[in-house]
Amino acid sequence: MYQGEDKQDLVTDIRKKWKESRDGLAEWRKEAREDYAFRSGDQWTDEDKARLQEENRPCVTFNRVGAIIDSVTGIEINSRQEVRYYPREASDRGLNELLNQAAKWAKDNCNAEEEESEAFADAVICGIGVTETLMDYEENADGQIVEVRKDPLHMTWTPSAKKKCLEDANYVFNAEWMDKDEAKAR
């Protein structure tokens, strides 16, 4: 795809898409930050806080939003469903049972349910919940499947994407700060 001198074209293309996405999702990102603040009980505007302070009145907050979000996320936890693979033909039964056990083993060994629940809570709060499934070779030289919840505020994607799960996105970025040595190692 990108080779030799074309690597600079790759960098240029990534920067262009990054800027397009950053600018196109700026309003969503602002609203998402407000959503997280609202969920945490920070529900007063600066003007309202100033007016109340002028009048020597306390900023009392009854955070009913937090309770509702906790209820919805609690329902998700209590109604988790197991991934099941079903055979298309009777001869596939043995293979499907192996796939079912492998999926269960992988999820059990990487705290997947907790990561998925955190991502679900993100989706309830701001509309986007993200997990990443990858192989980790730090703990086990043979590799270990891990599932990690990603902060939706670090994610960016094709601004015109509208379908569920961003199916129509041409690209998705995960922007996380890291030191230069870690970036080179990756």
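Predicted model: local features only at pLDDT ≥ 70, side-chain atom pairs only at ≥ 80, totals over all residues.
Helix 2 (residues 26-39) packs against helix 6 (residues 112-126) at an angle of about 105°, and the two axes lie 9 Å apart. Angles of 65 to 115 degrees count as roughly perpendicular, and helix 2 and helix 6 are therefore roughly perpendicular to each other. On the helix 2 side the contact involves W28, A32, D35, Y36 and R39, which meet D122, I125 and C126 of helix 6. The residues of this contact comprise five nonpolar and three charged residues, with no polar ones.

The largest pocket holds about 770 Å³ of space. Its lining consists of 24 residues, and N174, A175, E176, W177 and M178 lie nearest the pocket centre. Two or more lining residues come from each of helix 1 (6-24), helix 2, strand 1 (130-136), strand 2 (144-150), strand 3 (155-157) and strand 4 (172-174). Strand 1 gives the largest share, with four residues. By class, the lining of the largest pocket contains twelve nonpolar, three polar and nine charged residues.

The second largest pocket has a volume of about 240 Å³. It is lined by E76, R80, Q81, E82, V83, N100, A103, K104, K107, D108, E113 and E116.

Notes
Residues numbered from 1 in each chain as written. Heavy atoms only, no water. Axes fitted to C-alpha atoms, helices over the stretch in contact; angles between N-to-C directions. Parallel < 35°, antiparallel > 145°, perpendicular 65-115°, else oblique. Contact = heavy atoms within 4.5 Å. Nonpolar A, V, L, I, M, F, W, Y, C, P; charged D, E, K, R; others polar. 1 Å grid on protein atoms, 1.4 Å probe; cavity = no way out; pocket = protein on both sides within 12 Å on 5 of 7 lines; lining within 4 Å. Points joined across faces, edges and corners; volume = space filled by probe spheres on them.
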